[in-house]
Amino acid sequence: CHSFMILRHDTIISQGWWKPYNPNYTHCLFSLSKSFISTAICFAVQEQLITFDDYIIKYFPDYFPLPPSESMQKVQIKHLLMMSYGRPASLDPDFYYRKDWLEESLHVYLYHEPGTKFLYDNRCSYILSALLQKVTGMTVFDYLQPRLFKPLEIENIFWEEKNGYNQGRGGLNLKTEDLAKFGLFLLHKGEFNGKQLLR
């Protein structure tokens, strides 16, 4: 444990950092980064750029010079959010060493019907990151700046990339207080400081 911050009724009641960590230290959130990917997707749905029911293959035509498999044709955005993509991640222990994560993720064999079985898979969040960038022309990090980070007064942070896309599965670095603000944003169902950011 590097730090903690406890809030009650939206007020900090206890906090602490262990050396060498401090309030200004940006921590790598690892899989907690996925919550920010999901939030970005919800903003895009709110802005009618995409829908949860969209099929993902339509956003990556360059990756399918030949028709994709029948299972891949059925994968929708909601399946990636639910991590019901259809392939056990344990089958690909060397996935992170592959040169092109997106190429690898879009051309795997899916063992289960998309949407039928929960399988924790970092590829789901990475595909969502790439998909949102295809739609908006900006990284998820840049897309969230005016919609989430600036309204929550979250500054001096960064998000690691792979192949030109924010990692999605991890790599977002925030301060402890920043994460507390995000928690309040979720607790209040998209509202922060009296302003409804996400409905």
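Predicted model: local features only at pLDDT ≥ 70, side-chain atom pairs only at ≥ 80, totals over all residues.
**Helices α1 and α6**

Helix α1 spans residues 33–46 and helix α6 spans residues 140–149; the two pack with their axes 10 Å apart, at an angle of about 75°. Angles of 65 to 115 degrees count as roughly perpendicular, and α1 and α6 are therefore roughly perpendicular to each other. On the α1 side, the contact is made by Phe36, Ile37, Thr39, Ala40, Phe43 and Ala44. Helix α6 contributes Val140, Tyr143, Leu144, Arg147, Leu148 and Phe149.

Seven of the ten residues of α6 are buried, so this helix is largely enclosed by the rest of the structure. The buried residues are Val140, Phe141, Tyr143, Leu144, Gln145, Leu148 and Phe149. Their cover includes the helices α1, α5 and α7 (176–187), together with the strands β4 (158–159), β6 (165–166) and β7 (172–174).

**Two residues with accessible surface**

The table gives the relative accessibility of Tyr109 and His2.

| Residue | Relative accessibility | Class |
|---|---|---|
| Tyr109 | 57% | exposed |
| His2 | 37% | partly exposed |

Tyr109 sits in the loop between α4 (101–106) and α5 (122–136). With Leu91 and Tyr111, Tyr109 forms a nonpolar surface patch, and the three together have about 360 Å² of accessible area.

Although His2 and Trp18 are 16 residues apart along the chain, their C-alpha atoms are separated by 5.6 Å. Leaving aside residues up to four places away in sequence, His2 touches Gly16, Trp17, Trp18, Tyr21 and His27.

Definitions and conventions: Residues numbered from 1 in each chain as written. Heavy atoms only, no water. Patch = residues over 30% accessible without salt bridge, like charges linked within 9 Å, V, L, I, M, F, W, Y side chains within 5 Å. Areas by Shrake-Rupley, 256 points an atom, 1.4 Å probe, with all protein chains shown as cover. Salt bridge = Lys/Arg side-chain N within 4 Å of Asp/Glu carboxyl O. Helix = DSSP H or I, 4+ residues; strand = E, 2+ residues; numbered from the N terminus. Buried < 20%, exposed > 50% of the residue type's maximum accessible area, 1.4 Å probe, protein only. Axes fitted to C-alpha atoms, helices over the stretch in contact; angles between N-to-C directions. Parallel < 35°, antiparallel > 145°, perpendicular 65-115°, else oblique. Contact = heavy atoms within 4.5 Å.
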